[in-house]
Amino acid sequence: CPDGSWTKRGSYCYLAECTPRNAEQARERCASYDATLVSVHDLDEHLFIQELCRSANATFGYTCDVLFYLGLSTNDQGLTWVWDDGTPSDYFKWGGTEPNGMFEFCTAVNVMPGKGWGDVVCGREEGYICKRCEYIV
Ligand SMILES: [Ca+2]
């Protein structure tokens, strides 16, 4: 994994950053690391990224919100949800009544224990999680 605050899990590297950015800025930031906004494919990975973000919050003195952008978005009003990294949409961890937004085409994870994902307005400024392969060929 790259030097610094990246965490290795399986053959992937993850980075949670607290700096508030809108979805497009977060996407660009991940791209600058040769990464994409995170995709999540099972409960273990969901719990892992929640913990990762809580650690990032602790590192930065709890200045972050509880929401962090995921790389999951919709281009058809929520009919289908697609991961930025092109991996299959094979797992969802929506919280409560989410997704529930008429104009919420991006998604974020609530990192508090027991919470899930929600659709959010893409212009919101939140933390975000980047993910990349350990080895880029
Ligand atoms: Ca929502």
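Predicted model: local features only at pLDDT ≥ 70, side-chain atom pairs only at ≥ 80, totals over all residues.
Residues are numbered from 1 along each chain as its sequence is written. The protein has two helices and eight strands, where helices (H or I, at least four residues) and strands (E, at least two) are DSSP runs numbered from the N terminus.

**Overall fold**

- From the N terminus on, the elements follow the order β-β-α-β-α-β-β-β-β-β.
- The radius of gyration, taken over C-alpha atoms, is 14 Å, close to the 14 Å that the globule rule (2.2 Å times the number of residues to the power 0.38) gives for 137 residues, so the protein is as compact as a globular protein of that length.
- The C-alpha trace spans about 40 × 35 × 25 Å along its principal axes.
- Of the 137 residues, 34% count as buried, a residue being buried if 20 or more other C-beta atoms lie within 10 Å of its own, exposed if 12 or fewer, and partly exposed in between, with C-beta atoms placed from the backbone.
- Among contacts (C-beta atoms, placed from the backbone, within 7 Å) between residues at least 6 apart in sequence, 67% join residues at least 24 apart.

- Leu70 touches Leu37, Val38, Val40, Thr107, Ala108, Val109, Trp117 and Ile129, when residues up to four places away in sequence are not counted.
- Cys130, in strand S8, is buried, with 25 other C-beta atoms within 10 Å, and beyond its neighbours within four places in sequence its contacts are Leu15, Cys30, Tyr33, Ala35, Thr36, Leu37 and Val38.

**Helix H1**

- Ala23, Ala26, Arg27 and Cys30 of H1 are buried, and they lie on the same side of H1 because they cover an arc of only 100° around the axis, as given by the directions from the helix axis to the C-beta atoms.
- On the other side of H1, Glu24, Glu28 and Ser32 are exposed.
- The cover over the buried residues of H1 includes S2, strand S3 (36-37), S4, S6 and S8.
- Just after H1, Asp34 takes a positive phi of about 60°.

**Strand pairing**

- Strands pair if DSSP finds at least two bridges between them, and S2 and S8 pair in the antiparallel sense over seven bridges, with Glu17 standing opposite Tyr128 in S8.
- Strand S1 (residues 7-9) runs antiparallel to S2 and is joined to S2 by three bridges; the hairpin they form has two residues between the strands, and Gly10 in the turn has a positive phi of about 60°.
- S6 and S7 pair in the antiparallel sense over four bridges, and the bridge partner of Ala108 in S7 is Gly118.
- The hairpin of S6 and S7 has six residues between the strands, where Gly114 takes a positive phi near 85°.
- In S7, Trp117 and Asp119 point one way and Gly118 and Val120 the other way, and all are buried.

Key: Contact = placed C-beta atoms within 7 Å.
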